[in-house]
Amino acid sequence: MKRLLTLLIVLLLATGGYFLAAQLTGGALPTFGLPLGGERAVVRQQTLKFWEDVKFRDFKSAANMLSPGARDPVAIADLLTRTFHLTPEKLDITDCSIDVVELDSAGRRARVKSSVTAHNLVTKQPVEADVMLFFHLDHGSWYLDLGSSF
């Protein structure tokens, strides 16, 4: 009975430690659907969704993350051209990882450093870029600011 109680306590502490780490890292660890990580986790998930939309060339869906007055799919293509020095037609984005998510002291602006790996379809060479995306909070929603992002 003592071993079972000890095992239960160890499991509870390990689980609590894991979820505390998930909260403190801003959702960098899987949270199994639990709303952990606060606003940093929300921005992290939006960034991952943005790169997934770009990867599958759904620029219209990716543009929905822009402010309502700036939702233009061409702006997404321009970001890719500025970042990789190639047109989107010549790129195959293969991987994206989030390196850093930072919020300002007021919690109204965020910046996300992501590492993006792509494949140049013309030269057949891999291309990598570190991309800094900037977000701002407006009426409870986070919007991507492509004018500042690079």
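A residue is called buried under 20% relative accessible area, exposed over 50%, and partly exposed in between. Every view below shows a predicted model.

**View 1**
The chain holds four helices and four strands. Read from the N terminus, the order of elements is α-α-α-α-β-β-β-β. Of its 150 residues, 35% count as buried. The accessible surface of the chain comes to about 9100 Å². Carbon and sulfur atoms hold 61% of that surface. Now look at contacts between residues with a separation of 6 or more. Of these, 43% join residues 24 or more positions apart.

Which residues form the nonpolar patch on the surface? They are Leu5, Leu8, Ile9, Leu12 and Leu13. Find leucine 13 in helix H1, which covers residues 2–24. Leucine 13 has 62% relative accessibility, so it counts as exposed. An α-helix has 3.6 residues a turn, so residues three or four places apart point the same way.

**View 1. Helix H2 and what covers it.**
Helix H2 takes in residues 38–55, which makes 18 residues. From its first C-alpha to its last, H2 reaches 26 Å. That is close to the 26 Å expected at 1.5 Å a residue. Which residues of H2 are buried? The list is Ala41, Val43, Arg44, Gln46, Thr47, Phe50, Trp51, Asp53 and Val54. Their cover includes helix H3 (59–63), H4, E1, E2, E3 and strand E4 (141–145). After H2 comes arginine 57, with a positive phi near 55°.

**View 2. Threonine 81 in helix H4.**
Threonine 81 sits in helix H4, residues 73–84. Is threonine 81 buried, partly exposed or exposed? Its relative accessible area is 32%, so threonine 81 is partly exposed. Leaving out residues up to four places away in sequence, threonine 81 touches Leu86, Thr87 and Pro88. Leucine 91 is ten residues from threonine 81 in sequence. In space, the two are 9.5 Å apart, C-alpha to C-alpha.

**View 3. Strands E1 and E2 side by side.**
Strand E1 (residues 91–103) and E2 run antiparallel. How many bridges join E1 to E2? There are eleven. Cysteine 96 has valine 116 in E2 as its bridge partner. Leucine 103 has alanine 110 in E2 as its bridge partner. The hairpin of E1 and E2 has five residues between the strands. There, glycine 107 takes a positive phi near 75°.

Strand E2 covers residues 109–120, and its side chains alternate. Ala110, Val112, Ser114, Val116, Ala118 and Asn120 point to one face and are buried.

**View 4. Strands E2 and E3.**
E2 also pairs with strand E3, residues 126–138. The pairing is antiparallel, over eleven bridges. Arginine 111 stands opposite phenylalanine 134 in E3. The hairpin of E2 and E3 has five residues between the strands. In it, lysine 124 has a positive phi near 65°.

**View 5. Salt bridges.**
The structure holds four salt bridges. Among them is the pair of aspartate 99 and lysine 113, whose closest N and O atoms are 3.8 Å apart. This pair links distant parts of the chain, 14 residues apart: aspartate 99 lies in strand E1 and lysine 113 in strand E2. Aspartate 99 has 35% relative accessibility, so it counts as partly exposed. Lysine 113 has 30%, so it too counts as partly exposed.

Next, find arginine 111 and glutamate 102. They form a salt bridge, with closest N and O atoms 2.8 Å apart. Arginine 111 is partly exposed, because its relative accessible area is 36%. Glutamate 102 is partly exposed, because its value is 37%.

Last, find aspartate 104 and arginine 109. Their salt bridge has closest N and O atoms 2.8 Å apart. Why is arginine 109 called exposed? Its relative accessible area is 54%, and exposed means over 50%.

Methods
Residues are numbered from 1 along each chain as its sequence is written. This is a predicted model: local features need pLDDT of at least 70, side-chain atom pairs count only at pLDDT 80 or more; totals for chains, interfaces and linings use all residues. Side-chain values use heavy atoms; hydrogens and water are left out. Helices (H or I, at least four residues) and strands (E, at least two) are DSSP runs, numbered from the N terminus. Buried means under 20% relative accessible area, exposed over 50%, partly exposed in between (1.4 Å probe, protein chains only). Contact means heavy atoms within 4.5 Å. Patches are made of residues with over 30% relative accessible area and no salt bridge: like charges are joined within 9 Å, nonpolar side chains (Val, Leu, Ile, Met, Phe, Trp, Tyr) within 5 Å. Accessible areas come from the Shrake-Rupley method with a 1.4 Å probe; for residues, only the protein chains shown count as cover. A salt bridge is a side-chain nitrogen of Lys or Arg within 4 Å of a carboxyl oxygen of Asp or Glu. Two strands pair if DSSP finds at least two bridges between them. The expected span of a helix is 1.5 Å times one less than its number of residues.
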